[in-house]
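Subject: Structure for your review

Dear colleague,

Please find below the structure that I am handing over to you.

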Amino acid sequence: MNAFLYDPDPAGYVSAVLNLYLGLPETPLRASAQDRKLARQLHQRGAALRVVESAFLLASIRRLARPADVPALSPIRSLAYFQPVIEELLSNPAPENYVEYLRLKLQQLAESKPNQKTKPPIG
């Protein structure tokens, strides 16, 4: 089975989810025990990695695309921040190639934000 659809290995799945999460703007440098637990729960539910990644990207885009004249949001402290968007995409799946669009859009938004901190790639 395609690893982007579902990884049957719990450790591989959790690692992939956490690497995607930690690679996003405004997320911590390290995952917490609670983040690992939530990633395991996503695996147990059978949530496809592509859905989880799409949710991460979509939520990050929504944050970065906020108007400049509104108060800044605090940094993301937990994987739980993304749970509502994961649920949204599990109940209403995005088109197959949507994740590629979201990756490009997030990259464009992150590059356009002058105060956006960048993290080294994970992996």
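The notes below cover a helix pair, the aromatic rings and one serine.

This is a predicted model, in which local features need pLDDT of at least 70 and side-chain atom pairs count only at pLDDT 80 or more, while totals for chains, interfaces and linings use all residues. Residues are numbered from 1 along each chain as its sequence is written, and side-chain values use heavy atoms, with hydrogens and water left out.

Helices here are DSSP runs (H or I, at least four residues), numbered from the N terminus. The axes of α1 (residues 10-22) and α3, lines fitted to C-alpha atoms over the stretch in contact, come within 10 Å and cross at roughly 15°. The two helices are therefore roughly parallel (under 35 degrees on a scale from 0 to 180 degrees between N-to-C directions). In their contact (heavy atoms within 4.5 Å), Tyr-13, Ala-16, Val-17, Leu-20 and Tyr-21 of α1 meet Leu-49, Val-52, Glu-53 and Phe-56 of α3.

Five aromatic pairs (ring centres within 6.5 Å, taking the six-membered ring of Trp) occur in the whole structure. In one of them, Tyr-81 and Phe-82 have ring centres 5.2 Å apart and planes at 80°, so the pair is edge-to-face (over 60 degrees).

Beyond its neighbours within four places in sequence, Ser-60 contacts Leu-24, Pro-25, Phe-82 and Leu-106.

Conventions. Rings of Phe, Tyr and Trp (its six-membered ring) pair if their centres lie within 6.5 Å; planes under 30 degrees apart count as stacked, over 60 as edge-to-face and the rest as tilted. Angles under 35 degrees count as roughly parallel, over 145 as roughly antiparallel, 65 to 115 as roughly perpendicular and the rest as oblique.
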